[in-house]
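Subject: Structure handover

Hello,

Here is the structure for you to look over. My notes follow below it.

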Amino acid sequence: MTVTTNSARTMLALDLVQKYSSVYFGIGQASAWDNNDTPPTEAQATTAIANPIAYGQVKTATLCRPLQQNESVPADAISWGTSTYVRVAQADAYTQGATYVYFETVLNKSDIGSSDVTYRTTGVYAGLTPKSGVTKPVLLPGDVSTTGVLLSYANKAVTTLDDETSVRLGVLYTVAPLEA
C-alpha cells in the first residue's frame, strides 16, 4: 500500500498558499439559470465558471490546521461549518502539520462598475494572469490574459451586489491523504 505522507501534504499546501498572488475568486452567470432559476449541478470536468463577470484577487491566503482538543481558540481562528481552524505561519507549517489552505477576498459593487451586480456562480482560479499593464485587484474579463486553472466552483441562487452590500468570498482546501 502507498500512502501520502504528512510532509507531502504540508508541502503541497505550502505550494498552494505561496501562489496567492495569482489566485482569484471569479463571479459569473448574471442571467437566470434554466429551469426556474434552479442552479445546475457542478461537474468535475468544468474548466471555467459560466459567463464570468469579474475576478477578485485573494486578499488573505493562509495555512491552517484543525483546532486540537482542549486547545484555546485564537482570536484570528477560521470558522468553517462546525469546525474551527488555527492559522499557521509558513515557517511553522511542518511542525504544526498545516495541511489546509484558506483563501479570502471581499468584492464590492464599486470594484466592478456603477450598476448593481447580479451573479449565480463563484469559482477559484490559480495561475490567473492579467493582461500586460493591468495591476488592479479586481479584473473584468477583458483585463485577463489567461484564467489559469479552475480549482473549484459553486452554482447557487442569485446574489446581488449593490451600494449597501459587499460579499466576502472564502474557500478552505485540504490536501487529503491518499492511500493506494
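This is a predicted model: local features need pLDDT of at least 70, side-chain atom pairs count only at pLDDT 80 or more; totals for chains, interfaces and linings use all residues.

Residues are numbered from 1 along each chain as its sequence is written, and side-chain values use heavy atoms, with hydrogens and water left out.

**Around strand E6**

Helices (H or I, at least four residues) and strands (E, at least two) are DSSP runs, numbered from the N terminus. Two strands pair if DSSP finds at least two bridges between them. E6 (residues 100-108) runs antiparallel to E12 (residues 166-174), with 9 bridges. Strand E3 (residues 60-66) is also antiparallel to E6, through 5 bridges. There, Leu63 has Val101 as its bridge partner.

E6 is mostly covered, with 7 of its 9 residues buried. Buried means under 20% relative accessible area, exposed over 50%, and partly exposed in between (1.4 Å probe, protein chains only).

**The open sheet**

5 strands make an open sheet, ordered E9-E2-E1-E7-E11, with antiparallel pairing. E9 (138-139) and E11 (149-161) each have a single partner strand, so one side of each lacks a neighbour in the sheet. E2 (residues 52-57) and E9 are joined antiparallel by 2 bridges. Gly56 is bridged to Val138 in E9.

**Aromatic pairs**

Rings of Phe, Tyr and Trp (its six-membered ring) pair if their centres lie within 6.5 Å; planes under 30 degrees apart are stacked, over 60 edge-to-face, the rest tilted. The count is 4 aromatic pairs. One of them is Tyr55 with Tyr125: the centres are 5.6 Å apart and the planes stand at 75 degrees, so the pair is edge-to-face. Tyr55 lies in E2 and Tyr125 in E7 (residues 117-126), so the pair ties together parts 70 residues apart in sequence. Both Tyr55 and Tyr125 are buried.

Phe103 and Tyr173 also form an edge-to-face pair, at 6.4 Å centre to centre and 70 degrees between the planes. Phe103 is in E6 and Tyr173 in E12, so this pair too links parts 70 residues apart in sequence. Phe103 is buried, with a relative accessible area of 0%. Tyr173 counts as buried at 17% relative accessibility.

**Helix H1**

Met11 sits in helix H1 (residues 6-18). At 45% relative accessibility, Met11 is partly exposed.

Best wishes
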